[in-house]
Amino acid sequence: MNNGWYRFFKYVLIGPWLRVWNRPFTEGLDNVPRQGSAMFVSNHQAVMDSFYLPLICPRQLTFPAKKEYFTGTGFVGAIQRFFFTSVGQVPIDRTAKDAGDALIDTAKTVFARDDILGIYPEGTRSPDGRIYRGRTGMARIAMATNVDVIPVAMINTAQANPIGSWIPRPARVGVRFGKAISPHKWADEHGLNPEDHQTMREFTDFVMRELAELTGTEYVDRYASEVKDSLQAGNGYPEGTEPNRA
């Protein structure tokens, strides 16, 4: 997809400023395919992950985004809707009964164009920078399409764009690309059926641990949304998920 607004935001309006302000570095760029479809599976530290990753990647990305970004009213809603559409994001109703099927259909549309889909399997931003348990929607896409999965580690983006902040801080950020994983080959090597639900869970867990290794952070086998709910309720970290303060 050749989106003129996407290029405008990346190369003219926002991208040059972010390159100076946050001095992004990259590792493993050779793992990004020059052509053909692929799925970038990334950890999620900050809203601006969806800015920094497209800024670094030489190819255009499409991200599924929560539908609320596209349904705002008034002038602000119109601007927000225009912006997210222009930078290649597509709305997904995460509360709908058919949300999983809609996500797979969106992915297939992106792959049919030989484009790259970006996805955050944690489903929400990490509350503390660690890698949390992934949702299996990513694996469902992977096993349904057999498109290569490329783990992507976002580095230090939570320091540049802390939760609640609107203007980035001048912290240096980075993007680290891992080696491509062939979903069906992985399933075959592990004696698993690509159509089984258990395969989706195991593949998701495998990719999340790959992300933990890429980022050099701890893996927490708990959904980030559950931990955030507990923190927001004032109950602290659930037992067994407390950060290691040593």
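Where in the structure is the place of asparagine 156? I found asparagine 156 in the loop between E7 and helix H7 (157-160); helices (H or I, at least four residues) and strands (E, at least two) are DSSP runs, numbered from the N terminus.

**Basis.** I am reading a predicted model, in which local features need pLDDT of at least 70, side-chain atom pairs count only at pLDDT 80 or more, and totals for chains, interfaces and linings use all residues. Residues are numbered from 1 along each chain as its sequence is written, and side-chain values use heavy atoms, with hydrogens and water left out.

**Two asparagines.** I looked up the backbone of asparagine 156 and noted a positive phi of about 70 degrees, although this residue is not a glycine. Its relative accessible area is 27%, so I record asparagine 156 as partly exposed (buried is under 20%, exposed over 50%, partly exposed in between, with a 1.4 Å probe and protein chains only). I then turned to asparagine 146, in the loop between H6 and strand E7 (149-155). Its phi is near 55 degrees, again a positive value in a residue other than glycine. Asparagine 146 is partly exposed, at 31% relative accessible area. Most residues other than glycine have a negative phi.

**Nonpolar cores.** I next examined the largest nonpolar core, which has 27 residues; such a core is a set of buried Ala, Val, Leu, Ile, Met, Phe, Trp, Tyr and Cys residues joined through side-chain atoms within 4.5 Å. Met39, Val41, Phe111, Ile141, Val149 and Phe203 touch the most other members. Elements giving two or more residues to this core include strand E2 (38-42), helix H5 (99-112) and helix H9 (197-215). H9 gives the most, with six residues. Apart from this core I noted another, of 23 residues, among them Leu53, Leu55, Val173 and Phe177.

I also listed the contacts (heavy atoms within 4.5 Å) of valine 41, leaving aside neighbours within four places in sequence; among them are Ile119, Met138, Val149 and Leu211.

**Cavity.** I searched for cavities on a 1 Å grid over the protein atoms alone, a cavity being a set of points where a 1.4 Å probe fits but cannot get out. The count came to one cavity of 30 Å³ or more. The largest cavity has a volume of about 160 Å³, the volume being the space filled by probe spheres set on the points, which are joined across faces, edges and corners. Of its 14 lining residues (an atom within 4 Å of a point), Phe9, Ser50, Phe51, Pro54 and Val87 are the closest to its centre. The largest share of the lining, four residues, comes from H3.

Note on methods:
On a 1 Å grid over the protein atoms alone, a cavity is a set of points where a 1.4 Å probe fits but cannot get out, and a pocket is an open set with protein on both sides within 12 Å along at least five of seven lines; lining residues have an atom within 4 Å of a point.
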